Amino acid sequence: MVSSSGVEKRNEAGCLETDEGAGRKTQRDICLEVVLGHPGCTAAELGQSCGLDQLAISRRLPELLKLGRLQKGQSRRCDVTRRLSITWFPKEEKRAEVMP
């Protein structure tokens, strides 16, 4: 997104920001939600689950990886493309051990 000063705005992942309306879900939000609901799926499978095309999903997943929200899993044959594809999982958060 280009700010009023004419400078491109980039987020903490180094990706260009888009002008999102208030209360509107971004593609990144949608991708994160679908991975949370379908861990271990490929980009094409996730796209079928949420209605975004595979290209949009394939661009947002690495952004979420850079932001520390997702992690890559092992590659496997995708049920949609029939090609070997990366699987995606939510990033596991380290929990502090509670002492009894």
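**Figure 1. Salt bridge between Glu-33 and Lys-25.** Glu-33 is partly exposed because its relative accessibility is 42%, where buried means under 20% relative accessible area, exposed over 50% and partly exposed in between (1.4 Å probe, protein chains only). A search of the whole structure finds five salt bridges. The model is predicted: local features need pLDDT of at least 70, side-chain atom pairs count only at pLDDT 80 or more, and totals for chains, interfaces and linings use all residues. Residues are numbered from 1 along each chain as its sequence is written, and side-chain values use heavy atoms, with hydrogens and water left out.

**Figure 2. Salt bridge between Glu-45 and Arg-76.** The side chains of Glu-45 and Arg-76 meet at 2.5 Å, N to O. This pair links distant parts of the chain, with Glu-45 in helix α2 (residues 43–50) and Arg-76 in strand β1, 31 residues apart. Helices (H or I, at least four residues) and strands (E, at least two) are DSSP runs, numbered from the N terminus. Glu-45 is buried, at 8% relative accessibility, whereas Arg-76 is partly exposed, at 28%.

**Figure 3. Salt bridge between Glu-63 and Arg-60 within helix α3.** Both residues belong to helix α3 (residues 54–66) and stand three residues apart, about one turn of the helix. Salt bridges with shared partners join Arg-28, Arg-60 and Glu-63 into one network. Glu-63 and Arg-60 are both buried.

**Figure 4. The largest nonpolar core, with 13 residues.** Such a core is a set of buried Ala, Val, Leu, Ile, Met, Phe, Trp, Tyr and Cys residues joined through side-chain atoms within 4.5 Å. Cys-31, Val-35, Leu-46, Ile-57, Leu-61, Leu-70 and Trp-88 touch the most other members. Helices α1 (27–37), α2 and α3 each supply at least two residues of this core, and α1 gives the most, with four. Not counting residues up to four places away in sequence, Val-35 touches Leu-46, Leu-61, Leu-70, Trp-88, Phe-89 and Pro-90; contact means heavy atoms within 4.5 Å.

**Figure 5. Positive phi at Arg-82.** Arg-82 lies in the loop between β1 (70–77) and β2 (84–90). Although Arg-82 is not a glycine, its phi is positive, about 65°. Most residues other than glycine have a negative phi. Arg-82 is partly exposed, with a relative accessible area of 48%.

Technical notes. Salt bridge = Lys/Arg side-chain N within 4 Å of Asp/Glu carboxyl O.
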